[in-house]
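Colleague: I would like to go through this model and hear the grounds for each label. Please set the values against the cut-offs as we go.

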Amino acid sequence: MDHHHTHSTNPRELQMARSMCWHCQSEVSGEYFCERCVKVQPVSKDLDYFTCMNLPRRLTIDLPQLEAKFYELSRAFHPDFYQNKSEAEQAISLNNAATLNTAYRTLRDPIQRAEYLLDLEAGAVKEIRTSPPADLFEEILELQDTLNEFRTADRTSAAGQELRAKLQAEQRILERRKQDMEQQLQQLFADWDALQDRSEATSQARSERDRLLKQMREILSNRTYVKNIVNDLVTTIG
Amino acid sequence: MAYSDKVVDHFNNPRNMGSFKKDEDGVGTGMVGAPECGDVMKLQIKVQNDTIVDAKFKTFGCGSAIASSSLATEWLKGKTIEEAQKIKNTDIVQELNLPPVKIHCSVLAEDAIKAALADYQKKADTK
């Protein structure tokens, strides 16, 4: 991701984001349509989804605004409107529509939005090293064993019933834990946004930023592990 | 997506599934996870005189993750600690014919090997 293109409010960076219309070679600066020849412009690969949707890069976003922008751009890029246009324009509109869909789906979901923002802010997800939650892993693997036992057990037998009850209890506990994690994430999201709004360049702000990124990364990962095992529980015990 | 025959074979007949007691003498335990997909892998080695005499795994994940760890335990058995360090995820990719989207499963297996070796070393050093 090229970060030069992401803050359209900074005039210096806007300068750098300038490029040419593929059709009439006049200058375009991030607009989706050329001001002179009105041809559709390809959405830059370097454009992050927040900028693409004209939203500030925050973890709490205005969902109605996102939806409105999505519909507006969907209409603008819809391939149906390009059937009588040139091949180049058809290809651009199709690509733009695909990018737009991905951007919308990513930003609409708070968890995916956070994963995406973490990618933007901290590079590849894997680069933030978190210690693997060994306790959680042990628990998951043990639970998988019980699940396997249940899969092969006679479900109508007393032992089978007992296993089911045990797994159901585990499922409730894990679902509760997932909710707790989501609540913690909500708080971290709010803290992150507040930090961004203050936009301080102190070393204190930097370490706070790193702390929040690391914590979000950790909880998001653990939530994925828990979510997976809960899904497995739900599909197996029904 | 179709799995290669070797992946299917390891998946259907996993080698060395199970576990050792963590605190047993000469046992090293590696526990790793892939936050992107939620896979969890536990790989254990049992070492005598610098040689891995036994290896076991437990993996919760997709077929490729199970096959990768199953293959890893097969390879580990009989190897010295030094030889085991040299196992690379690319070897696993090659042997199992993993497609690009499943390469992270082999990375997970390599991480698990490294973690198990490190755990064994740590335990040996503190004795």
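Modeller: The structure holds 24 salt bridges over all chains. This is a predicted model.

Colleague: What makes A:Arg209 and A:Glu121 a salt bridge?

Modeller: Their closest N and O atoms are 3.1 Å apart, and the cut-off is within 4 Å, so the pair counts. The two residues belong to distant parts of the chain: A:Arg209 lies in helix α8 (residues 203-237) of chain A and A:Glu121 in helix α5 (residues 110-122) of chain A, 88 residues apart. Both also belong to a network of salt bridges that includes A:Asp48, A:Arg57 and A:Asp210.

Colleague: Why is A:Arg209 called partly exposed?

Modeller: Its relative accessible area is 26%. Buried means under 20% and exposed means over 50%, so a value in between is partly exposed.

Colleague: Which salt bridge does A:Asp180 form, and at what N to O distance?

Modeller: A:Asp180 meets A:Arg176 at 4.0 Å, N to O. Both lie in helix α7 (residues 158-198) of chain A, 4 residues apart, or about one turn of the helix. Residues three or four places apart point the same way because an α-helix has 3.6 residues a turn.

Colleague: How do you know whether A:Asp180 and A:Arg176 are exposed or partly exposed?

Modeller: A:Asp180 has a relative accessible area of 33%, so it is partly exposed. A:Arg176 is at 53%, over the 50% cut-off, and therefore counts as exposed.

Colleague: What makes B:Lys114 and B:Glu110 a salt bridge, and where do they lie?

Modeller: The closest N and O atoms are 2.9 Å apart, and the cut-off is within 4 Å, so the pair qualifies. The residues are 4 apart in helix α5 (residues 103-125) of chain B, about one helical turn. B:Lys114, at 29% relative accessibility, is partly exposed, whereas B:Glu110, at 14%, falls under 20% and is therefore buried.

Colleague: How do you know that the length of α7(A) is close to that expected of a helix?

Modeller: α7(A) has 41 residues and reaches 60 Å from its first C-alpha to its last. The expected span at 1.5 Å a residue is also given as 60 Å. Its buried residues include A:Leu163, A:Leu167, A:Phe189 and A:Trp192. What covers the buried residues of α7(A) includes α5, α6 (134-152) and α8 of chain A. Just after the helix, A:Ser199 takes a positive phi of about 40°.

Colleague: What makes up the contact between chain B and chain A?

Modeller: The contact takes 15 residues from chain B and 15 residues from chain A. The area buried between them is about 1300 Å², with carbon and sulfur atoms giving 66%. On the chain B side, B:Met31, B:Pro35 and B:Phe60 lose the most area to chain A, together 46% of what that side buries.

Colleague: Why is B:Lys42 said to form a salt bridge with A:Glu138?

Modeller: The closest N and O atoms are 3.6 Å apart; the cut-off is within 4 Å, so the pair counts. Between chain B and chain A the count is 3 salt bridges, and there are 4 residue pairs in polar contact. On the chain B side, β1 (27-34), β2 (39-48) and β3 (51-60) each supply at least two residues. The largest share, 4 residues, comes from β1(B). By class, that side has 7 nonpolar, 3 polar and 5 charged residues.

Methods. Residues are numbered from 1 along each chain as its sequence is written. Chains are lettered from A and ligands numbered from 1 in the order in which they are written. This is a predicted model: local features need pLDDT of at least 70, side-chain atom pairs count only at pLDDT 80 or more; totals for chains, interfaces and linings use all residues. Side-chain values use heavy atoms; hydrogens and water are left out. Contact means heavy atoms within 4.5 Å. Buried area is the accessible area (1.4 Å probe) that two parts lose on being put together, summed over both. A salt bridge is a side-chain nitrogen of Lys or Arg within 4 Å of a carboxyl oxygen of Asp or Glu. A polar contact is a pair of N or O atoms within 3.5 Å; within protein, one must be able to donate a hydrogen and the other to accept it, and residues adjacent in sequence count only if both atoms are side-chain atoms. Ala, Val, Leu, Ile, Met, Phe, Trp, Tyr, Cys and Pro count as nonpolar, Asp, Glu, Lys and Arg as charged, and the others, Gly among them, as polar. Buried means under 20% relative accessible area, exposed over 50%, partly exposed in between (1.4 Å probe, protein chains only). The expected span of a helix is 1.5 Å times one less than its number of residues.
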